[in-house]
Amino acid sequence: MDTGAGCALCRDADPLPFDFSYAFQPIVDVQAREVFAHEALVRGPAGEPASSVLSRITADNRYSFDQACREKAIRIAATLNLQSHLSINFLPNAIYRPEVCIRSTLQAAERHGFPVERIIFETVEGEQVSDGRWLAEILSEYKRIGFKTAIDDFGAGFAGLNLLADFQPDIVKLDMALIRGIDRSPARRAIVAGVVSMCEQLAIDVIAEGIETGDEAHCLEDIGIRLMQGYWFARPQFESAVREAGIAWTR
């Protein structure tokens, strides 16, 4: 591997041939009744669906897009004066050297006055990574620098138990397929309760995402999950952020 690849790609890359922006969806702490974080969700420049942007990512612009996403998410979050954590999705397959590829993120955080310790990096939804040890190396470097780390879609098969054996992130986000209808499914409840117990032993926080009903939220809280995300609480807001007063609390 060319150890200067990341630098060359960043230095020599052509400007992105498309624009994009972000919507922000809160991740709430149902026990403290606080917004724990806002996840930055990519959108078109006028709020178009993520697919309108993601469909334009190619092997040639993948690295530039990943770098631009980080800087823009931090810039908008700073403009919105977010006091919560900021969760940014990243493309593991666009990382060449973690310690090099993170430099522009650190510069953006300093430039916009956004604390590094309030930034969470999570693997992008649906991003299949064939080399779990490589992903663990990336996340380990991010954690060493001071960022929080999260594994998205835990239970979907892309990043599972083998990854946790090599690296323990700060957070795992349960795949929404496990959450849907959990209040009516003894099997889902047993699986999620088992994951929660395992994560407690590993000092990993659990976020349940994709919650759409109060019954799902109540069931998850009874299992012991306090960090939740989904339409039941608040929908993503384009270039805006929902504060505590705008959350539909479960109880």
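## Helix 5 and what follows

Just past helix 5, Gly 113 adopts a positive phi of about 65°. Helices here are DSSP runs of H or I with at least four residues, strands are E runs of at least two, and both are numbered from the N terminus. This is a predicted model, where local features need pLDDT of at least 70, side-chain atom pairs count only at pLDDT 80 or more, and totals for chains, interfaces and linings use all residues. Residues are numbered from 1 along each chain as its sequence is written, and side-chain values use heavy atoms, with hydrogens and water left out.

Helix 5 itself (residues 103-112) buries Thr 105, Ala 108 and Ala 109 (buried is under 20% relative accessible area, exposed over 50%, partly exposed in between, with a 1.4 Å probe and protein chains only). Looking down the axis, these buried residues fall within an arc of 100°, so they line one face of the helix; the arc is taken from the directions from the helix axis to the C-beta atoms. Glu 110 and Arg 111 sit exposed on the face turned away from the buried side.

## Salt bridges

The whole structure has 13 salt bridges (a Lys or Arg side-chain nitrogen within 4 Å of an Asp or Glu carboxyl oxygen). Arg 75 pairs with Glu 71 at 3.7 Å, N to O; both lie in helix 3, four residues apart, about one turn of the helix.

Lys 143 and Asp 170 also pair up, at 3.9 Å, N to O. That pair links distant parts of the chain, 27 residues apart. Lys 143 is partly exposed at 33% relative accessibility, while Asp 170 is buried at 19%.
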